[in-house]
Amino acid sequence: MLAHNSPQMDGKPPGPILSSCGGGFFPGIQCTEATERQFIDAFAQAGIKLDYWWLDAGWYPCKGNWPMVGTWTPETSRFPNGLKAVSDAAHANGMGFIVWFEPERVSPGTWLYTNHPAWLLGRDGEQKLLNLGNEAARQWLTEHVDGLLSSQGIDLYRQDFNIDPLPFWRGNDGPDRQGITEIRHVKGYLAYWDDLSGVTRRCSSIAARQAVAGMI
């Protein structure tokens, strides 16, 4: 596993990463630019040398409910300058910047749910699955996430997955076609990582991004 599967950084396996997301959980994952900067400054002033500052779930519009995922833009009321202000503060204190994503689960009322229903699998009014077997959906996701990584100063991409995909896949296939949607989704998922690695290869931390997303 170490020799053939673990991402390499400068030809070596990545070492342990010291990170914190204290601001992200105060209060109740409803973090703001101000609270993130407050906690970053507090760690720096205390002499705690973090490798990365971690912004976890809830940074997007979610009405105070972090599982409401599907609008992948910073919530402007809490982050008027985007996430770039937080990444700038982290970088100024010698830290990288990790941001949490969960792109495959899509909740009612979000941007993806409203604007691209054809890309989603599931029943109306309930949480759905972004179908990465759909070429247009996968291409949009790749370009959108890459744009966020670049524009917001994100060094490490952290991907989560809190939904069981099997009922969505099976529900999309007839009795004589069971498994087709699953196969296409998995192929699209792997292609997403290949594409994201290609468009973000200019960033020296892509191996660490892959490690964080794939192993946590």
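**A friendly note on this predicted model**

1. The accessible surface of the protein chain comes to about 10,700 Å², and 55% of that belongs to carbon and sulfur atoms. Accessible areas here come from the Shrake-Rupley method with a 1.4 Å probe, and for residues only the protein chains shown count as cover. Please keep in mind that this is a predicted model, where local features need pLDDT of at least 70, side-chain atom pairs count only at pLDDT 80 or more, and totals for chains, interfaces and linings use all residues. Residues are numbered from 1 along each chain as its sequence is written, and side-chain values use heavy atoms, with hydrogens and water left out.

2. Of the 216 residues in the protein chain, 48% are buried (under 20% relative accessible area; exposed is over 50%, partly exposed in between, with a 1.4 Å probe and protein chains only). Among contacts (heavy atoms within 4.5 Å) between residues at least 6 apart in sequence, 68% join residues at least 24 apart.

3. The chain has seven helices and seven strands, in the sequence pattern β-α-β-α-β-β-α-β-β-α-β-α-α-α. Helices (H or I, at least four residues) and strands (E, at least two) are DSSP runs, numbered from the N terminus.

4. Next, the sheet. Four strands form an open sheet with parallel pairing, in the order β1-β2-β3-β7; two strands pair if DSSP finds at least two bridges between them. At the edges stand β1 (19–20) and β7 (156–159), each with a single partner strand, so one side of each has no neighbour in the sheet.

5. Further in, β2 (residues 52–55) and β3 (residues 96–101) pair in the parallel sense over four bridges. Trp53 stands opposite Phe97 in β3. Helix α1 packs on the sheet, touching β1 and β2, and its direction makes about 155 degrees with that of β2. Helix α2 also packs on the sheet, touching β2 and β3, at about 145 degrees to the direction of β3.

6. The two helices also meet each other: α1 (residues 33–45) and α2 (residues 84–92) pack at an angle of about 5 degrees, with axes 9 Å apart. Axes are lines fitted to C-alpha atoms, for helices over the stretch in contact, and angles run from 0 to 180 degrees between N-to-C directions. The contact is made by Glu33, Glu36, Arg37 and Ile40 of α1 and Ala85, Val86, Ala89 and Ala90 of α2.

7. Lys63 is exposed, with a relative accessible area of 75%.
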